[in-house]
Amino acid sequence: MNALRTLLALLLAFGLSLGPTSVVFAQAPAQQTSAAGNDDDSAGNDDDSAGDDDDSAGDDDDSAGDDDDSAGDDDDSAGDDDDSAADDETEADSGTAVKSEEWFSSSPGYLTLLLLILATGGLMLYFTKQAQQGKEMFIRRMPGIDAIEDGIGRATEMGKPVLYVPGIDDLQDIQTIASMLILGQVSKTIAEYQAELIVSCCVPIVREVADEVVRAGFYQAGYPDAFRPEEIRFIASDQFAFCAGTNGIMLREQPATNIYLGRFFAESLILAETGYLNRSIQIAGTAEATQLPFFVAACDYTLIGEELFAVSAYLSRDPRLVSSLKASDYIKVVVVASLLIGTVLTSCGFDFFINLFELTK
């Protein structure tokens, strides 16, 4: 009996020991199945990841395509840069062409202008050489010269001075230079007539030059001792102060003849009106177009514009002045003839002549 119990206990113990083991063995395939399922899931995940990798690869392909597109854009921009560089080279070439056209213009008007300049220079050189060789060149005697001599003669008869005003501008002005040349001949004539001369100056340097010019005129006339330097007067540098001082000379000294030759401005009418009230003979001359009407209205005789320079050339007989005067006269004839010919041809419908003077293409 005890042996049976012991056997049953051993069997029970063995069964109990086998039970969990069998369960474990029974459950092991399930676990393996689960593991296999997990493996399948992991495989599925691997497939999904592979799909993701494929997607990422597709994304990489897309990005590669985008890179290709950007590379294409870079190529386009590079092409645009090449086009802009080509445009810059074209513009540079065109700029060079414009500059070359500015230096060497084929417009017929510039060629005509060049011929005119060369003709003027050639005539001046020719007449200068003729004057230096002592050949007599005809210059028409202008009425203004006779008026100056008549005024000096009247002052001599009346025993009154001659007032000479060389303008109010500086010595470098061409009108002042012409006035100084005329003053030399006027002072020589006054010395010959034994008359008195008063020179009223607005600029100090002009006063010094006038002093030397008048001194030389008296010396050429043979009366150097008759020169009185105190009669070459500097009045004032201010325009209207000079005008007031010169008017005072007119009212105090009462000159018989007033000569205004040079560059004048607003003081021209004031001086001319004062001389008119003093009943003096007045000869004026200027190249200022705005002052000519006042001199014409208030003076007995007026040298208009270029006549001032013509008188200086006539009286001084300087070869340079005479040659420039003769050359300008010939050029004036050519210009006037060209105007007449161009007017007639254009009226008849022929434009080829006026095209010779066009300065633009």
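This is a predicted model: local features need pLDDT of at least 70, side-chain atom pairs count only at pLDDT 80 or more; totals for chains, interfaces and linings use all residues.
1. Axes here are lines fitted to C-alpha atoms, for helices over the stretch in contact, and angles run from 0 to 180 degrees between N-to-C directions.

2. Helix α2, residues 108-132, packs against α10 at an angle of about 140°, and the two axes are 8 Å apart. Angles over 145 degrees would count as roughly antiparallel, and 65 to 115 as roughly perpendicular; α2 is therefore oblique to α10. The crossing of this pair is right-handed.

3. The residues that α2 brings to this contact are L116, T120, L123, M124, F127, T128, A131 and Q132. By class, the contact of α2 with α10 holds 9 nonpolar, 5 polar and 1 charged residues.

4. Helix α10, residues 319-347, also meets helix α9, residues 307-316. The axes of α9 and α10 come within 8 Å and cross at roughly 135°, so these two helices are likewise oblique to each other. The crossing of α9 and α10 is left-handed, whereas that of α2 and α10 is right-handed.

5. In the contact between α9 and α10, A310, S312, A313 and S316 of α9 face L321, V322 and L325 of α10. Sorted by class, this contact has 5 nonpolar and 2 polar residues, with no charged residues.

6. The sheet is open and is formed by 6 strands. Their order is β3-β2-β1-β4-β5-β6, and the pairing is parallel. At the edges lie β3 (232-234) and β6 (301-304), each of which pairs on one side only. From one strand to the next, the twist averages 15°.

7. At the β6 end of the order, strand β5 (residues 281-286) is joined to β6 by 4 bridges, and the two strands run parallel. Within this part of the sheet, I283 stands opposite Y301 in β6.

8. Two helices may be described by the strands they cover. Helix α3, residues 143-158, lies across β1 (162-165), β4 (257-261), β5 and β6, and runs at about 145° to β4. Helix α5, residues 204-221, lies across β2 (197-201) and β3, and runs at about 180° to β3.

Key. Residues are numbered from 1 along each chain as its sequence is written. Side-chain values use heavy atoms; hydrogens and water are left out. Angles under 35 degrees count as roughly parallel, over 145 as roughly antiparallel, 65 to 115 as roughly perpendicular and the rest as oblique. A crossing is left-handed if the near helix is turned anticlockwise from the far one by less than a right angle, and right-handed if clockwise. Contact means heavy atoms within 4.5 Å. Ala, Val, Leu, Ile, Met, Phe, Trp, Tyr, Cys and Pro count as nonpolar, Asp, Glu, Lys and Arg as charged, and the others, Gly among them, as polar. Two strands pair if DSSP finds at least two bridges between them.
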